[in-house]
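Let's take a quick tour of how this protein packs together. Have the sequence and the structure open as you read.

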Amino acid sequence: MIKVLEVIRQGHVGGGESHLLDLVMGFDTDLISPVVLSFTSGKMIDALRACGVKCYVIPTEKPFDMKVLNALKKLICDENIRLIHAHGSRAASNVLLLAGMLHIPLVYTVHGWSFHQDQPWLIRKLRAVSEKIICNRSKKVICVSANNKVSGEKEFGLKHAVVIENGINVRCFNPLLPFRDVRPELGIPPDDFIIGFIGRVTLQKSPLVFVESIALAHALDSRIKGLMVGEGEMDGEVAWYINDRHWGDIIYKVPFRSDIPEVLASINVFCLPSLWEGFSISLLEAMSMGKPLVVTPTDGTREVIKDRYNGLIVDYNNPNDLANRYYELLHDEPLRKKLGAAARLFVESRFDSCRVSKKVTDIYTGLFSH
């Protein structure tokens with residue numbers, strides 16, 4: 001049995017965190033004994049502990065934080081960790097040095113690169129250098145999308161990387177299940193046509209573009225309203241934006257919730273207007289629930305969404321285009337049904353989380369087979 005330290009930046013429920021939760025719960029415990037380390041507490045940690053998974057929280061919000069090394073070293077030694085798996089660059093930066101010092105193999109999963117096109121040149125280059133250092137010092141790099149792997153190869157000559165696309169629990173995200181209606185709880189009338197935004201409220205996800213698109217669509221048809229589920233560093237800015245424009249009656253906003261299948265069952269359309277993505281877990285969950293999608297063509301997204309086959313693709317930073325697609329879906333029920341059915345079928349056939357756990361286990365065992 002291999003004892004593995006699974007390390008992630010935060011304990012709140014987001015895309016990478018949902019991935020880790022499904023990954024850990026899918027391991028064969030005769031082969032893998034996981035211990036989870038997060039640098040913040042949150043609902044994901046609570047959920048794992050409730051399932052009997054040993055979890056630690058060592059608080060820090062900084063990358064390459066030397067102040068946590070002693071606590072990390074004690075954890076690794078006390079738990080007799082044989083392998084470290086870091087999810088995301090922030091987590092990897094804080095275990096990289098110690099993994100080398102203790103001669104423990106490091107696996108790094110890229111949940112979207114920390115560098116991207118809309119950054120200033122110097123910031124992008126510095127982040128690319130940081131990613132290169134992490135990748136070069138990892139025994140194996142896992143990319144959650146083929147486009148991420150190609151980007152790494154072009155940017156800094158990424159080597160020893162494999163693609164393991166994200167997966168979800170398709171048995172939980174099944175539109176045929178009898179879900180509880182959460183609309184009354186959220187104060188949403190039954191006749192509203194709800195566009196859902198589920199994820200971290202950060203620059204990456206373009207929350208202000210989403211808010212603007214809802215206002216534009218509502219002007220076209222008053223039944224169109226938005227539901228934002230999530231939290232993040234732009235919470236205050238988004239709340240001010242909504243209140244300043246008196247849009248509080250057309251955009252419902254709530255923090256992270258643990259009943260995402262019920263939330264998805266209660267919306268009409270799922271929107272992912274991100275500027276960049278590795279491979280969105282929220283997108284796969286919405287697809288699995290058979291929801292029509294309006295998305296931007298980020299790395300992972302354009303690998304699974306074909307425009308007008310299983311979703312609608314719009315340009316980045318274009319609230320007018322988003323609004324027009326919502327309006328089109330409201331008035332075209334056959335299109336909604338066609339897109340949702342194709343999305344569900346695609347995910348069901350290819351993105352079951354059990355597949356991810358098995359492939360990651362093969363990587364772990366392969367590192368100790370020589």
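Which residues does isoleucine 84 touch, not counting residues up to four places away in sequence? They are Leu5, Val7, Ile76, Val95, Ala99, Ile104, Pro105, Leu106 and Val107, where contact means heavy atoms within 4.5 Å. Keep in mind that this is a predicted model: local features need pLDDT of at least 70, side-chain atom pairs count only at pLDDT 80 or more, and totals for chains, interfaces and linings use all residues. Residues are numbered from 1 along each chain as its sequence is written, and side-chain values use heavy atoms, with hydrogens and water left out.

**Nonpolar cores**
- A nonpolar core is a set of buried Ala, Val, Leu, Ile, Met, Phe, Trp, Tyr and Cys residues joined through side-chain atoms within 4.5 Å; buried means under 20% relative accessible area (1.4 Å probe, protein chains only).
- In the largest one, with 34 residues, Leu5, Ile84 and Trp113 touch the most other members.
- Helix α4 gives the most to this core, with six residues; helices (H or I, at least four residues) are DSSP runs, numbered from the N terminus.
- A second, separate core has 33 residues, including Ile168 and Leu272.

**Helix α11**
- Eight of the eight residues in α11 (residues 281–288) are buried, so the helix is mostly covered.
- Serine 280 caps the N-terminal end of α11, with a side-chain oxygen 3.3 Å from the backbone nitrogen of serine 282.
- Glycine 290 follows α11 and has a positive phi, near 70°.

Key: Buried means under 20% relative accessible area, exposed over 50%, partly exposed in between (1.4 Å probe, protein chains only). Helices (H or I, at least four residues) and strands (E, at least two) are DSSP runs, numbered from the N terminus. A polar contact is a pair of N or O atoms within 3.5 Å; within protein, one must be able to donate a hydrogen and the other to accept it, and residues adjacent in sequence count only if both atoms are side-chain atoms.
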